[in-house]
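Please open the model in your viewer and keep the selection tool at hand. We will go from one stop to the next, and at each stop you can check what is there.

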Amino acid sequence: MAVYEQGYRGYDGPLMPDCSRFLVIPRYAYKSVFASRVFVGFLVLCYLWPLGLGAFIYGLHNLARISPVPITFDPTEQIVIDGDFFLWTVMFPQGIIAGFLLALHIGPALISSDLTNNALPLYLARPINRAEYVIGKISVLAILLSLITWIPALLLFTEQAYYAGWDWLVQNMRLAGALFVGLWIWIFVLSLLSLAISALVRWKVLARAALFGVFIIPGAFGETINVLFGTVWGSLLDIGGLIARVWEGLLGLDFDTTPIPLWAAWASLLTLCGVCLLILRRKLQPYEVVR
Amino acid sequence: MTQPVIELDGLEVRFSGRPILKKLSAKLTGRSIGLLGPNGAGKTTLIHTLLGFHPASAGTARVLGHDIHERSREARRLIGYMPENESFIAGMTAVRFVRLMAELSGLPAKQALERTHEALFYVGLGEARYRRLETFSFGMRQQAKLAQAIVHGPQLLFLDEPTNGLDPPHRQRMIELIREIRKADDIHLVLSSHLLRDVEECCDDVLILKEGKIAASCNLEQERRANKKFIELETVGDHEAFARAIEQLGCQCAIDRRRRIKTVLPDRLEVKDLYRLANERQVQIRRLSFKRDSLEDIFLKAMEQPHGRV
């Protein structure tokens, strides 16, 4: 198939390993994603808050050194950096707000454009299967969400551990695991939900509205059920509340942000993921179903 | 013995309990295989099943020796597929699209880019390769689909209705490309079409499907050679008695629906023997023509069979 020879020839060169094949999908997706200045601007904004927090932690531990006036108290005794701090200042703003906005921007177009243009047979006729296709598409979101959620969170944890010392690190080791696991669970739920909606709704604007609606409408509906029937189980419909409850559990806190048992929050999130996977399984067919 | 390109072993596919492919068994060994059949015969379903898109409800199949269930990934590694419907990835230039497909097939990025350019030049999209696919005409998109199907150098190329919807110049170009690819040593072709002319121009072997069953399977060249003395007669008079008389001479003879007599003359007989016989039987021969049993004849014969194979 040489350009000048104009003849077909086969390929007998090296091949990439199967295990990394799915990463081709996010690599190509990022080229389009980063072509958008709005997105790049948004991503930069997402780092301002963690940077500010980093500066805050630095200042907290070095106030005596950097203050122009003498400090007579220990600021680390006034402001305690613990699970509570990470939940409200890192996990909620970075995970729930920034993460959700990022998913809202990228998620809805991930699968819908492939379905609209009948591109699935092109992917699946190659040595990748549906699971790898989904993993590839999830990776598009998961890698970006990681960049603004658990990676800055763990960097802040590391900074705090560096300044607070060994004792703090030993006492709060659980926090690192909770930040990592909790934010990964959120990334997984958010990515799956985005993909499922993208597979269901092929029009991008409508898919964005649907993703937004899934987080707002069931929550409001659940709250109405709670008020009308005097129960707490309506909160099972509030996805944000569910993940907050799971985070509380992982961090060992008990704020009762959502008045449902921890096991119920886990079960609801698992059910939600199961439903999303079922939708993807049903919708991602490399052929048209003629009824 | 040559390894079959495709081996169907009692392959059955059902959709919602309805059988679409019914116990197909065949060994296809040709370099270029035509998959013929009317719409709804199961051609695309067969290709999809071989690609692993549909699970078989019974039986199995092997593609280049790889079982489509147990070693589907290995089989797909060797396959290039050009789907029937419009298929592309939006927002991409032709180069990015074909390169993505090459990398998904396992080619490293550098080799993928190199072969992408080659493939796009090869199919005739060299000048348009940096244009977005959405801006391509239908014919150009078909060419882009062909480029993505061959970019990774497959050993077996499935072409599902590649000339569908193309205008005559694009169709001719597509047929030329397919014939060109067929010449390469290391590739087999399966061309699915309901257009007999496409199959006749590009294929050596033909598998005719009808209502999910194999209605006929033959080698076109052998068929042509076997029927080189095929003669068609248009007569006036008792053509049935005349046909019996021809048979008594030792010829194979048949009367078609248009009451024309088709006969194959053995070497010892000549055309003048037929005229002599017609004279004896008081039958007028109005027209006599030498014909080959065309693919159309084979196809129509297959379609006429209520069940079973030709």
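Start by selecting the charged residues of chain A: the mean position of its 18 positive charges and that of its 17 negative charges lie 18 Å apart. Keep in mind as you look around that this is a predicted model.

**Stop 1: chain A as a whole**

Now show chain A as a cartoon.

The accessible area is about 14400 Å², and carbon and sulfur atoms hold 69% of that. Chain A has 291 residues, of which 49% count as buried. If you look at contacts between residues at least 6 apart in sequence, 73% of them join residues at least 24 apart.

**Stop 2: a buried charge in chain A**

Select helix α8 of chain A, residues 150-164, and pick out Glu159(A) there. Is Glu159(A) with or without a salt bridge? Glu159(A) is buried yet has none, and the nearest side chain of opposite charge, that of Arg65(A), is 10 Å away. To see what does touch Glu159(A), leave aside neighbours within four places in sequence and select Gly54(A), Ile57(A) and Tyr58(A).

**Stop 3: where chain A meets chain B**

Bring chain B into view. How many residues take part in the contact between the two chains? On the chain A side there are 37, and they are in contact with 46 residues of chain B. The size of an interface is often given as the accessible area lost when the parts come together. Here, the area buried between chain A and chain B is about 4100 Å², with 58% of it from carbon and sulfur atoms.

There are five salt bridges between chain A and chain B. For one of them, select Arg77(B) and Asp18(A): their side chains meet with 3.2 Å from N to O.

**Stop 4: two positive phi angles in chain B**

Most residues other than glycine have a negative phi, and most peptide bonds are trans. With that in mind, select Lys23(B), which has a positive phi of about 50° although it is not a glycine. Lys23(B) sits in strand β2 of chain B, residues 18-28. Is Lys23(B) buried or exposed? Its relative accessibility is 53%, so Lys23(B) counts as exposed.

Then move to Leu64(B), another non-glycine residue with a positive phi, near 50°. You will find Leu64(B) in the loop between β4 (58-63) and β5 (66-67) of chain B. Leu64(B) has a relative accessible area of 12% and is therefore buried.

**Stop 5: a buried leucine in a loop**

For the last stop, select Leu133(B), in the loop between α4 (109-123) and α5 (138-150) of chain B. Leu133(B) counts as buried because its relative accessibility is 1%. Which residues surround Leu133(B), leaving aside neighbours within four places in sequence? Its contacts include Phe88(B), Ile89(B), Met92(B), Phe97(B) and Arg141(B).

Finally, draw a distance from the C-alpha of Leu133(B) to that of Val98(B). The two residues are 35 apart along the chain, and these atoms are separated by 11 Å.

Methods. Residues numbered from 1 in each chain as written. Chains lettered and ligands numbered in written order. Predicted model: local features only at pLDDT ≥ 70, side-chain atom pairs only at ≥ 80, totals over all residues. Heavy atoms only, no water. Buried < 20%, exposed > 50% of the residue type's maximum accessible area, 1.4 Å probe, protein only. Contact = heavy atoms within 4.5 Å. Areas by Shrake-Rupley, 256 points an atom, 1.4 Å probe, with all protein chains shown as cover. Lys, Arg positive; Asp, Glu negative; His and termini not counted. Charge placed at Lys NZ, Arg CZ, Asp CG, Glu CD. Buried area = accessible area lost by both parts, 1.4 Å probe. Salt bridge = Lys/Arg side-chain N within 4 Å of Asp/Glu carboxyl O. Helix = DSSP H or I, 4+ residues; strand = E, 2+ residues; numbered from the N terminus.
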